[in-house]
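Please keep the sequence and the coordinates at hand while reading.

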Amino acid sequence: MEKGARNLKSLKFYVHTFGCQMNKNDSERIAGILSTAGGKISNSPEESDIIIVNTCAVREKAEEKLYSYLGRLATFKKKKKSTIGVVGCVAQLYGSELLEKKPFIDFVLGPDNYNQISEIIHSNHEEKFASTSWSQDYNEIPHEKTFRESNISAYVTIMEGCNNFCSYCIVPFARGREKCRPMQNIIEEIQSLADKGYKEIQLLGQNVNSYKDPDTGKDFSILLKEANQTEGIEWIRFITSHPKNFTKKIATTMKEAEKVCHQLHLPVQSGSSSVLKRMNRGYTREEYLEKITILRNLMPDISFSTDIIAGFPGETEEEFQETLSILEEVRFNNIFSFRYSPRPLTVACQEKDTISFEEKRRRLIEVQDLQKKIQLELNKSLIGRDLKVLCTGKSKKAPHIYSGRNEGHQVVNFKSKNDVIGCFVDVHIASYGPYSLHGEAIKQ
Ligand code: SAH
Ligand code: SF4
Ligand code: F3S
């Protein structure tokens with residue numbers, strides 16, 4: 001790569017992120033590396049010398065959005081000779097193939113290669129470059145460099161990769177096998193966030209329940225207990241939990257560690273045991289429901305959210321009805337629902353996708369309509385209650401309205417006489433919609 005150095009100090013950079021929280025946190029780290037090296041963060045790709053696109057491959061739609069975005073970059077690269085780097089999951093999957101197919105891209109880096117980014121940009125980029133190497137150990141990027149979007153709530157990655165190989169999912173191919181970050185580094189990062197005034201942390205991993213400290217073997221429950229000791233941090237959340245690895249021990253820790261929010265994202269994917277088997281999820285409908293019951297017995301106020309896939313290959317109408325009935329039975333506070341999308345390399349994509357696009361769409365709409373009705377009912381029952389809310393900003397639509405989330409991670413919009421951004425506020429709930437609650441601050 002050495003080809004005469006370029007000075008980053010005079011350069012503006014822009015990072016565009018597709019995908020999950022993990023990618024958002026990675027982008028914050030990339031922005032941190034570039035700004036530490038002297039680059040200036042910019043809000044517009046048009047005026048930037050370096051454009052980094054952090055990519056997601058989880059569904060066809062995500063890839064389509066990426067290619068249309070890249071098309072736009074190709075057009076304006078003709079006017080301004082910016083350096084374009086593609087990183088993240090699509091970068092990992094296609095590597096140097098991307099450089100051949102999209103000649104306007106200058107470099108491609110998989111998620112385990114971000115430490116190389118400033119070196120690549122420093123060298124002048126006459127030679128195209130792709131790296132998708134994967135080390136066995138967790139690749140630490142010094143956390144002080146992270147350039148975070150929020151100064152109230154912070155993501156903290158605790159592990160990378162996934163060993164589960166759900167039959168529909170491309171993530172294990174894009175993110176490699178599970179590797180855990182040393183607990184000491186995680187706790188140090190949380191402490192430094194507390195010192196900076198952060199109030200909330202969200203621990204990230206594809207399957208946080210299987211976390212194990214590579215140095216000591218301490219598990220996720222111990223990590224939660226240690227994080228709970230951090231003075232200054234008041235709320236701790238984590239995502240994602242795989243139902244098959246969610247143990248009674250973790251549930252008990254959630255109850256006992258007072259900063260751990262009584263809120264859990266537990267993706268069920270389908271309500272049918274036969275579909276779950278074909279998805280290779282490792283649990284049945286009954287086992288999933290049993291975990292929900294245990295959790296509710298321990299924490300009656302717990303709020304659940306989930307992910308649903310509609311129209312998995314071979315899903316019969318009967319099996320689909322079981323997904324609707326599990327939504328009725330659990331009454332999740334929120335769901336993320338998707339039409340099944342065949343992904344390369346996965347086991348499911350080798351099966352014939354017998355369900356038409358229209359039928360998948362019909363099922364998805366039924367899921368979303370039912371869930372909307374449930375959320376309206378659940379939110380209605382909160383009228384008149386006073387909820388503790390962490391205010392994270394102002395509403396985008398109405399600037400005199402503040403916005404935040406309650407312990408259950410529901411969006412709460414509210415009026416307040418004082419500026420309460422970054423504070424915990426008690427909000428009296430007066431009205432609701434399916435996706436948010438509305439009220440007024442009662443105590444500051
Ligand atoms: N590790 C997390 C998140 C994985 S991706 C977990 O295990 O839950 C986030 C969600 O995308 C998944 O939970 C699933 O609902 C959805 N998803 C993944 N692959 C998909 C596919 N091929 N088609 C449709 N949805 C998919
Ligand atoms: Fe994908 Fe399953 Fe791993 Fe989640 S647990 S990332 S859905 S393979
Ligand atoms: Fe997408 Fe990669 Fe996350 S495929 S969902 S960005 S792990």
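Helix H13 comprises the 24 residues 357–380 and reaches 34 Å from its first C-alpha to its last, close to the 34 Å expected at 1.5 Å a residue. The expected span is 1.5 Å times one less than the number of residues. Helices (H or I, at least four residues) and strands (E, at least two) are DSSP runs, numbered from the N terminus. This is a predicted model, in which local features need pLDDT of at least 70 and side-chain atom pairs count only at pLDDT 80 or more, whereas totals for chains, interfaces and linings use all residues. Residues are numbered from 1 along each chain as its sequence is written, chains are lettered from A and ligands numbered from 1 in the order in which they are written, and side-chain values use heavy atoms, with hydrogens and water left out.

The buried residues of H13 include Lys360, Arg363, Leu364 and Val367. Buried means under 20% relative accessible area, exposed over 50%, and partly exposed in between (1.4 Å probe, protein chains only). In the loop between strand S14 (334–339) and H13 lies threonine 354. Threonine 354 has a relative accessible area of 56% and is therefore exposed. Its C-alpha is separated by 9.1 Å from that of phenylalanine 312, 42 residues apart along the chain.

Phenylalanine 312 also belongs to a cluster, in which ring pairs link it with Tyr168 and Tyr340. Rings of Phe, Tyr and Trp (its six-membered ring) pair if their centres lie within 6.5 Å; planes under 30 degrees apart count as stacked, over 60 as edge-to-face and the rest as tilted. The whole structure holds eight aromatic pairs. One of these joins phenylalanine 18 and tyrosine 69 edge-to-face, at 5.9 Å centre to centre with 75° between the planes. This pair links distant parts of the chain, 51 residues apart: phenylalanine 18 is in the loop between strand S1 (12–17) and helix H1 (21–36), and tyrosine 69 in helix H2 (residues 60–77). Phenylalanine 18 counts as buried because its relative accessibility is 12%; for tyrosine 69, also buried, the value is 5%.

Tryptophan 235 and phenylalanine 424 have ring centres 4.9 Å apart and planes at 80°, so this pair is edge-to-face. Because tryptophan 235 lies in strand S11 (residues 235–239) and phenylalanine 424 in strand S18 (residues 424–432), the pair ties together parts 189 residues apart in sequence. Tryptophan 235 is buried, with a relative accessible area of 4%.

Lysine 388 lies over the face of phenylalanine 424, at 4.7 Å from the ring centre. A charge sits over a ring if NZ of Lys or CZ of Arg is within 6 Å of the ring centre and within 35 degrees of the ring normal.
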